[in-house]
Amino acid sequence: MPEISIDSDRLREVLEKTIDLFQDYQYKHGYDEPRARAEAIMDVMGTLMPKT
């Protein structure tokens, strides 16, 4: 996996987005906690990866 470097402001945005997505997956879509967590993380990681 490539190394990703971000500043503290961007890190805050990423963490907030991850939490928001987790809550959406769990409460709006009815996913159980482990799946909601995994989906949120994968969504956010996908936005951080450099495009090839």
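Q: Which helix does leucine 11 lie in?
A: Helices here are DSSP runs of H or I with at least four residues, numbered from the N terminus. Leucine 11 lies in helix α1, residues 8-28. This is a predicted model, where local features need pLDDT of at least 70, side-chain atom pairs count only at pLDDT 80 or more, and totals for chains, interfaces and linings use all residues. Residues are numbered from 1 along each chain as its sequence is written, and side-chain values use heavy atoms, with hydrogens and water left out.

Q: Is leucine 11 buried, partly exposed or exposed?
A: Buried means under 20% relative accessible area, exposed means over 50%, and partly exposed lies in between (1.4 Å probe, protein chains only). Leucine 11 has a relative accessible area of 40%, so it counts as partly exposed.

Q: Which residues make the nonpolar surface patch of about 310 Å²?
A: A nonpolar patch joins Val, Leu, Ile, Met, Phe, Trp or Tyr side chains within 5 Å, using residues with over 30% relative accessible area and no salt bridge. Here Ile4, Ile6, Leu11 and Leu15 make the patch.

Q: Which residues make up the largest nonpolar core?
A: In soluble globular proteins, nonpolar side chains tend to be buried together. A nonpolar core is a set of buried Ala, Val, Leu, Ile, Met, Phe, Trp, Tyr and Cys residues joined through side-chain atoms within 4.5 Å. The largest one has seven residues: Val14, Leu21, Tyr25, Ala36, Ala40, Val44 and Leu48. The largest share, four residues, comes from α2.

Q: What is valine 44 in contact with, leaving aside its neighbours within four places in sequence?
A: Contact means heavy atoms within 4.5 Å. Valine 44 is in contact with Val14, Lys17, Thr18 and Leu21.

Q: How many salt bridges does the structure hold?
A: Side chains of opposite charge can pair when their charged atoms come close. A salt bridge is a side-chain nitrogen of Lys or Arg within 4 Å of a carboxyl oxygen of Asp or Glu. The structure holds six.

Q: Which residues are linked in a network of salt bridges?
A: Asp9, Arg12 and Glu16 are linked this way. Aspartate 9 meets arginine 12 at 3.7 Å, N to O. Glutamate 16 bridges to arginine 12 with the closest N and O atoms 3.5 Å apart. Glutamate 16 and arginine 12 are four residues apart in helix α1, so about one helical turn separates them.

Q: Which residue forms a salt bridge with glutamate 33?
A: Arginine 37 does, with the closest N and O atoms 2.9 Å apart. Both residues belong to helix α2, four residues apart. Arginine 37 is partly exposed at 40%, and glutamate 33 is partly exposed at 41%.

Note on methods. Patch = residues over 30% accessible without salt bridge, like charges linked within 9 Å, V, L, I, M, F, W, Y side chains within 5 Å. Areas by Shrake-Rupley, 256 points an atom, 1.4 Å probe, with all protein chains shown as cover. Helix = DSSP H or I, 4+ residues; strand = E, 2+ residues; numbered from the N terminus.
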